[in-house]
Amino acid sequence: MSTDSRSERAAGSAAALDAAIGDIDWTIPPAGSVRSCFSAPSGELAVVSLGDPTHPRAVLVPGATGSKEDFALMLPLLAQAGYFVQSFDLAGQYESHAAGADRAYTYDLFTDDLVAFLEAGAPAHLLGYSFAGTIAQSVAIRRPELVLSLALLTTPRAPATSSPP
């Protein structure tokens, strides 16, 4: 079998999986989830949580152009796997649009918010998506006791870079 045939089949399989998901109203949180707000250094951040709070904590942080809804399909899977899963909008995102509006959106602002969020609960398995991966790395370096594990999803190799050397 040629490489092209495998690539075409994989692409077809991915498209079929995507089509099987169907239409989703991203404004509706996953069934059983709880919406709340967190008072971060930058302001009020919108949070969604799912699972048993006594279970190991997993915190999923969206990228700069995303929101907590980016993880709507992952939250139930991780909760079913035995995690207490949380995600929140970064300052300036979706339902947290007013947070940080009175100052510059800097790495320190986002890092301070994530540290505060982690401090408010148990240490967590931390996933940083895209831009938030750079923030998650900063938190893991600054406050390693808050991070049980670190996963990076499509994260640039260094802050403000995305091109190879």
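**Helices, strands and a loop**

Me: At what angle do α3 and helix α4 pack?
Reply: α3 and helix α4 (residues 131-142) pack at about 65 degrees, and their axes are 9 Å apart. Axes here are lines fitted to C-alpha atoms, for helices over the stretch in contact, with angles from 0 to 180 degrees between N-to-C directions. Helices (H or I, at least four residues) and strands (E, at least two) are DSSP runs, numbered from the N terminus.

Me: OK, which residues of α3 meet α4?
Reply: On the α3 side you'll find Y107, D108, F110, T111, D112, L114, V115 and L118. They meet F131, T134, I135, A136, S138, V139 and R142 in α4.

Me: And which strands does α3 lie across?
Reply: Helix α3 (residues 107-119) lies across β1, β2, β3, β4, β5 and β6. Relative to β3, α3 runs at about 160 degrees.

Me: What's the strand order in that sheet?
Reply: Go β1-β2-β4-β3-β5-β6: it's an open sheet of six strands with mixed pairing. Two strands count as paired if DSSP finds at least two bridges between them. The edge strands, β1 (34-40) and β6 (147-153), each pair on one side only. From one strand to the next, the twist averages 25 degrees.

Me: How do β1 and β2 pair, parallel or antiparallel?
Reply: Antiparallel, over seven bridges. A hairpin of two residues joins β1 to β2, and S36 has V47 in β2 as its bridge partner.

Me: What about β5 and β6, parallel or antiparallel?
Reply: Parallel this time: six bridges join strand β5 (residues 124-129) to β6. L126 stands opposite L150 in β6. β3 and β4 are also paired in the parallel sense, over four bridges, with F84 in β4 as the partner of R57.

Me: How many of the residues in β3 are buried?
Reply: Five of its five. Buried means under 20% relative accessible area, exposed over 50%, and partly exposed in between (1.4 Å probe, protein chains only). R57, V59 and V61 are on one side of β3, A58 and L60 on the other, and both faces are covered.

Me: Switching topic: where is D89 found?
Reply: In the loop between β4 and α3. D89 has a relative accessible area of 0%, so it counts as buried. Skipping its neighbours within four places in sequence, D89 is in contact (heavy atoms within 4.5 Å) with L45, A46, S67, K68, E69, Y94, E95 and S96.

Me: Then there's A101. Buried or exposed?
Reply: Exposed, because its relative accessible area is 53%. A101 lies in the loop between β4 and α3 too. A101 and A91 are 10 residues apart in sequence and 7.9 Å apart in space, C-alpha to C-alpha.

Me: Last one: where does pLDDT stay under 50?
Reply: Over residues 161-165, for which the model has five contacts beyond four places in sequence. pLDDT is the predictor's confidence in each residue, from 0 to 100. Where it is low, the predicted coordinates should not be read in detail. For the chain, the mean pLDDT is 91, and 88% of its residues reach 70 or more.

Notes. Residues numbered from 1 in each chain as written. Predicted model: local features only at pLDDT ≥ 70, side-chain atom pairs only at ≥ 80, totals over all residues. Heavy atoms only, no water.
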